Amino acid sequence: MSGASPERLLFASTAQAFLEKEASLTRVRELHDAGVSFEPEWWRRAAELGWAGLLVPEDLGGGSVSGNGVEDLAVVAELMGKTVAPGPLHPVSTVLAGLVDAADERWREEQTIDENHSHATTIEALVSGDAIASWAVYEPGKPWAPLEPTVRGARTATGFRIDGVKDRVEAGSQSAILMVVAESEGAIRQFLVPTDAPGVRVEPQRSIDLVKRYDRVTFDGVKVDESAAVGTAAQTPTLIERQAQIAMVLQCAEVVGILDRVLEFTIQWASDRHSFGRPLASYQALKHRFADLKIWLEACRATTRAAVAEVAERSPGANLAVSVAKSYVGEYAQGMVQDCIQLHGGIGVTWEHDLHLYLRRATLYRSMFGTPEDHNLRVYGLTKELEPAS
Amino acid sequence: MTETTSAPTEITESVAEFAARARAWLAENMPRIDPTNPPAADRGEEEPWQRVRELQKRLYEGGFAGICFPREYGGLGLPIDYQKAFDAETRNYEMPMILNTPTFTICCATILDTGSEEQKRQHISAALRGDEVLVQLLSEPSGGSDLAGVITRADKVADKWVVNGAKTWSTSAFAADYGLLLARTNWDVPKHEGLSMFLVPMNSAGITLRRIKQVNGSVEFCEEFFDNLELDDDAVLGEVNNGWHVASRQLYHERRAVGGGSEFASGIGSEGKTDVPVDYAALLEAVGQADNERLQNIAGRALVYRMVHAQLINHVYHGVNDGSLPPAAGSIIRISHAVNTQLEMDTALAIAGSAAVVDGAEGLLRVGERYLSRQSASLGGGSTEIARNIIAERILGLPREYAPDRGVPFKEVKRNRS
């Protein structure tokens, strides 16, 4: 956070203090033991610190201290990585990114915010932490392909009828509202569906993380009003693109926090432990591994920052920058944590040690919203497009 | 002669205005090129060196040389943003790229840090005018990594320094006017304390120069032998027996420059054909595999690394400037450059298949030939092993390697068995 404004620094230190007190590793283990993902009251207090409103303009009830909400959000995510904190920051932010842009577009067209169509009430509830929402974008048995939904949103007299199955919906069980990607009248649309609507069935899925939960959601003839549609059909691919960018930079930023913390305590461990009368950290074979870990950490930080900046600026290069970061961070992060486990020796593979908490989160993120292999192909394709024919 | 004023530069022009003026000037004065197919500038040939001196002179006369060097030494005294903006404008023009390293980014930068007023005025402005090319005379045939263990000697005989010994791996020394030579001036003290740096005219009597031929056929590197080379006191850069300080500045500037993070480099783009980034799409096309997803994936991975390397250069540059990373972080870029080069060469070789090893209609034997020199990027400018020691010890603060020569008078230190 070098070169950050005083407002940003204050915001970050407040967030950090809150996380250290209320989302420590001990707390994460307690939640896991109790079978709880996170406590809604805890999230409401996090929302009071402004975490849920960072992507939301002030006239819709949000705001960011630094004036750059995407960067502030990345700061929170990085801090959360340090204790692999629980909470619905990712799903709520991802949904808000879509809602806000859709509302913005409508405002530009109509010069007025119509409560029914702008989803202002939903946005307000999410910003305050009173409600939780999640993005239902994945479908069972299929890889990351947000623009190829099989869930259908058939037109009815008063709105739409949703049928089909989504899965890997983060915090689905805790969410009041889902933003569902569906095929409707030959186009891709997104609909806000209350989880208590008749025909919605939410079933938990096991996840590799201790507290991050995912659900399979079945939509069986679920009826929603016209106003459930988010944005126009023409606008939807752009909204999905933006939501995916937010989801991916949040992952990368959180992983940077994870790696920073894990490397820090692994170096400390290697400096304190002695074998053959000398610190582990004095062996060149290990020093060189630490050097590589440091290089990869700074590279993860560099590429994440670059992606965050491009997404914040809505630059035309944002898709490429995000895929570059997602590929690199995804390829390196969990391998780096595995290295740190090796450098710890036997204690590293015990349940008692915290390393596996970090490994779980890093491994989770490697594979969600596209694997490094998926993003390599995307980078190849985008680079080919960008290159001038010569 | 340049104006001699030591007053801080008053910046009257915005970056955008500067860039606009540069754009107009470049269009009028510099030769246009196709950046994807730059003219050859083989550092091993004589002609490119004449060419870049001429180009540098044009830049100087146009008022665009040494953007980040102080005005009193012939530069413009502007912040790096101006240099970056200028670089972006030069994309389609022929620039004196091979003068950047070592002349500007290492030698002039070090003279600026450690030289006398007279040395700064003489050498930096001569280089900016295109009148002087500089080279480093550091590594010796006896060993590369232990730089402070050099055994080339400079002995004071009457009022002259008399130099005897040998240096190697000096880039394009045959084309240089001056060299920065590290020699031992005191053998009775530990190795770092008995060294001095000299600014040596390369046409002096007593220097014999030989070219080194590398695997790829390049003859840019040289080896020099010194037989009773005589130098005056004013040839000393910095202080007598404080040469390690000067050498450390060179190494610092070198690490930044090798990774592409020096504000003293001017222009972007390749030095010549052999330096052009791999065009993976063209390569897949050439081997008839444009739609092969497996090859697209490995090409995509190499592109990811290339872009992350560029982002890392920027991140480290700003990190060192704002103090969030120590100056030794230049070694991060140095290693990233080596790793990136390895991956690029490996990926190109994998995609080209047999066309890289037996010349065919595809014309891709150059891919195989380029691969043979892959390790140069991991050795030049100090091996990556030494760079990893530096990161571990000076960035992470881990214990230093055991060194039996520490604190021991150099004459008592064990050396190579001959």
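**Strands of chain A.** I looked up Phe160(A) and found that its bridge partner in β7(A) is Val224(A).

**On the model itself.** I kept in mind that this is a predicted model, where local features need pLDDT of at least 70 and side-chain atom pairs count only at pLDDT 80 or more, while totals for chains, interfaces and linings use all residues. Residues are numbered from 1 along each chain as its sequence is written, and chains are lettered from A and ligands numbered from 1 in the order in which they are written.

**Helix α3 of chain B.** Which residues of α3 (residues 80-89) of chain B are buried? I found Tyr82(B), Gln83(B), Ala85(B), Phe86(B) and Glu89(B). Buried here asks for 20 or more other C-beta atoms within 10 Å of the residue's own, with C-beta atoms placed from the backbone. Seen down the axis of α3(B), these residues fall within an arc of 165° (taken from the directions from the helix axis to the C-beta atoms), so they line one face of the helix. They pack against α1 (15-29) of chain B.

**Domains of chain B.** The assignment, automatic or from a database, gives domain 1 (15-132), domain 2 (136-250) and domain 3 (277-395). I looked at how domains 1 and 2 of chain B meet: 15 residues of domain 1 are in contact with 17 of domain 2, contact being C-beta atoms, placed from the backbone, within 7 Å. On the domain 1 side, α4 (100-114) and α5 (117-128) of chain B each give two or more residues, and α4(B) gives the most, with 7.

**Between the chains.** Last, I looked up the contact of chains A and B, which takes 32 residues from chain A and 33 from chain B. The largest share of the chain A side, 14 residues, comes from α9(A).

Notes
Contact = placed C-beta atoms within 7 Å. Helix = DSSP H or I, 4+ residues; strand = E, 2+ residues; numbered from the N terminus. Pairing = 2+ DSSP bridges. Buried ≥ 20, exposed ≤ 12 C-beta atoms within 10 Å, placed from the backbone.
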